[in-house]
Amino acid sequence: MNFPGYRMRRMRRTPALRAMIRETKLSPEDLIMPYFVREGEGIERPIASMPGNSQLSIDCLVARAGESVALGVPAVILFGIPEVKDPLGRSGSGPESVVYRAIQALKSAHPELVVIADVCLCEYTDHGHCGAITERRDGQPDVDNDVTLDLLTEMAVSYAEAGADIVAPSDMMDGRVAAIRGGLDAGGLSEIPIMAYSAKFASSFYGPFRDAAESPPQFGDRKTYQMDPANAEEALREVGLDIEEGADIVMVKPALPYLDLIHQVRERFGYPLAAYNVSGEFAMIKAAAQAGWLDERAAALEGLLSIKRAGADLILTYWANDAARWLA
Ligand code: PBG
């Protein structure tokens, strides 16, 4: 039936009617809150480019994560800011590392909280790249894929031993999911899932995060390992490989500029899917809201809802706590 017999506006007449036919629902359970942890005590160092977010010492992290728990946000993901950096990112692994101790503290204070450990070297290397550096045949420096696999595996195993519920490699080395899976299984940690940053693009939207994590590359860029924003087929190939290698959750990152891929990964693989609403997506709306140009709450919730509508099951977002509050 067509107009005038059929009228789309009938079911839009009242809030209750609109709610009855709402197809997508956003809930706090869908959200994962990122936190940045550093050494010290009583430290909450605000991140200028990400208003409302801070670098936190472990004690403050435990308190903040308590807010997430109270708001019904089921999971957090941790990024570490170490005191010392070296070419191999050694300070990122082992019982001395800040994330290791943060995981232990979080799990003992909030046993029900799902603690996800981001696994990558860029916060811990003095050159800021996501792996060990080697010299190519043309004399240019580049990240050495296979050497990096061992370093990532060591890091992932150490975080799992600390009590992390999920490990999440964000480095984009080839073969890292299989390497980490092998390391976890050999270490008696076969129950620990891997959330793989599968289709992670070399994006300009990571700018504020690199301030927050003090991790910008000191030379060059990440284009020899992160993906070309032009490539969708390749992104699907990346996702397929990570699934074959044993990923339990796959991810598309960033989220809003890549909704087409979130949708395609959902359709093609029907696999648990996360999307990372990254720092630049957050900063844009924050800045526009501060200028009085748009309503932060409405814009943020619309973006998050759209990421879900596109097909994501889980959303990593700096609005996780605020969104849970708004949805309550
Ligand atoms: C590190 C990492 C990055 C992000 C998550 N893990 C930055 C990068 O790859 O440069 C970005 C997150 C964000 O922008 O919110 N590998």
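**Notebook: aromatic pairs and the ligand site**

I searched the whole structure, a predicted model, for aromatic pairs and found nine. For a pair, I required Phe, Tyr or Trp rings (for Trp, the six-membered one) with centres within 6.5 Å; planes under 30 degrees apart are stacked, over 60 edge-to-face, and the rest tilted.

I looked up Phe79 and Phe209, which pair edge-to-face at 4.9 Å centre to centre with 80° between the planes. Phe79 belongs to strand S4 (residues 75-81) and Phe209 to helix H6 (residues 207-212), so this pair ties together parts 130 residues apart in sequence. Helices (H or I, at least four residues) and strands (E, at least two) are DSSP runs, numbered from the N terminus.

A note on the ground rules: residues count from 1 along each chain as its sequence is written. Local features need pLDDT of at least 70 and side-chain atom pairs 80 or more, while totals for chains, interfaces and linings use all residues, and side-chain values use heavy atoms, without hydrogens and water.

Next, the ligand. I listed 17 residues around the ligand (a heavy atom within 4 Å), and Lys200, Arg210, Lys253, Ser279 and Tyr318 come nearest. Which kinds of residue make up the shell around the ligand? I noted nine nonpolar, three polar and five charged.

Then I checked polar contacts (N or O atoms within 3.5 Å). A ligand oxygen is 2.7 Å from a side-chain N or O atom of Lys200, and another entry puts a polar side-chain atom of Arg222 2.9 Å from a ligand oxygen. For Lys253, a side-chain N or O atom is 3.4 Å from a ligand nitrogen. Taken alone, the ligand exposes 400 Å² (Shrake-Rupley, 1.4 Å probe), and the protein buries 100% of that.

Technical notes: Polar contact = N/O pair within 3.5 Å; in protein donor to acceptor, adjacent residues only side chain to side chain. Nonpolar A, V, L, I, M, F, W, Y, C, P; charged D, E, K, R; others polar.
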